[in-house]
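This report describes a protein chain and the surroundings of a DNA strand. The sequence and the structure are shown first.

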Number of protein chains: 2
Amino acid sequence: MSFNLDQFLPYRLSVAASQVSRRFAARYETEAGLTIPEWRVLAHLNKSGPVSVRDINARVNLDKSMVSRAAMRLEQAGYLRKSTHDTDLRLVVLELTENGRELMKRLGVIAEAFQEELLAELGGDAPILRRALEAMIRQTE
Amino acid sequence: MSFNLDQFLPYRLSVAASQVSRRFAARYETEAGLTIPEWRVLAHLNKSGPVSVRDINARVNLDKSMVSRAAMRLEQAGYLRKSTHDTDLRLVVLELTENGRELMKRLGVIAEAFQEELLAELGGDAPILRRALEAMIRQTE
DNA sequence: AAAATACCGTTGCGATTGCAACGATGTCAA
DNA sequence: TTGACATCGTTGCAATCGCAACGGTATTTT
């Protein structure tokens, strides 16, 4: 019996992830032409409040160079503001502007709606899926 | 209640997929320094026998340019052979060499072992995870 | 049979990515 | 206190990616 790629879990996982990402990107594309890193930074800031690049890097699975560049673009677009930390001058504090919070409010609605669609497609398997994903993520943290 | 990225399914799916891919890549890195596209082409050819670039492109979720370049590198490394189709001259037929089959035999063992690890970590959730992944993939095909 | 159309694989190109190096700042230890 | 080391964010760079265009071949249409 030779190896069968079609039933190989890492492969199926990767295919599913990229297709779901693609579907979702098509949704928020119409609302605002954000890249995935930009979307993640925006979404994280919306929840966390003002934090450093390093903070986001650690929590959002993005290389710090990507966080830095995404933050630059979001700043130029007027969605976030940069400032230096009060006591630690190495830190750059990122914070959403009013425009950023407003955009995120609209994107949040789209995201929730998309997730509802997914959950409906998955039916009762959804909670187990979640648990399985978390188990796989935990394994490397 | 504001949107929470940490519980957003597409995001968790993406994180899980990239971490699992990373873990797996570290395993076969020591056996042969293949990229992900190269690995996929190799694995598919091992199962399918001789097929065209287009065939792989359609089945393995890789752009045809990536299949083409991966095939070029695998050919240079001596793992596959290219030839033209008997009747349709547009088609390039890809086929593993003896070296390629031999490499794939070793990689198959590594892949199976890794998957066993994953399945053990997941326990009884594994079959449901599989079903959920397939459901999400199906939705876009 | 000729012309228009479709398909195949390769290549070029701009954009994105991950890694490593760097300057600047902070912390710790002697 | 000062020197060694760690951490932060940015930048440079090489590698990779996805898309589109291209030349070549096949198929369909008229």
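## Fold of chain A

Chain A contains six helices and three strands. Read from the N terminus, the order of these elements is α-α-β-α-α-β-β-α-α. The model is a predicted one.

The C-alpha trace of chain A extends over about 60 × 30 × 25 Å along its principal axes. Of the 141 residues in chain A, 46% are buried.

Chain A has an accessible surface of about 7,300 Å². Carbon and sulfur atoms contribute 49% of that surface.

Of the atoms of DNA strand D that come within 4 Å of the protein, 70% belong to sugar and phosphate.

Helix H3 (53-60) and helix H4 (64-76) of chain A, as well as helix H4 (64-76) of chain B, each provide at least two residues of the surface near DNA strand D. H4(A) gives the largest share, with four residues.

## Polar contacts from chain B

Two side chains of chain B approach bases of DNA strand D. An N or O atom in the side chain of Ser65(B) is 3.2 Å from a base nitrogen, and one in the side chain of Arg69(B) is 3.0 Å from a base oxygen. At Leu89(B), a polar backbone atom lies 2.9 Å from a phosphate oxygen of DNA strand D.

How values were computed
Residues numbered from 1 in each chain as written. Chains lettered and ligands numbered in written order. Predicted model: local features only at pLDDT ≥ 70, side-chain atom pairs only at ≥ 80, totals over all residues. Heavy atoms only, no water. Buried < 20%, exposed > 50% of the residue type's maximum accessible area, 1.4 Å probe, protein only. Areas by Shrake-Rupley, 256 points an atom, 1.4 Å probe, with all protein chains shown as cover. Near = heavy atom within 4 Å. Polar contact = N/O pair within 3.5 Å; in protein donor to acceptor, adjacent residues only side chain to side chain.
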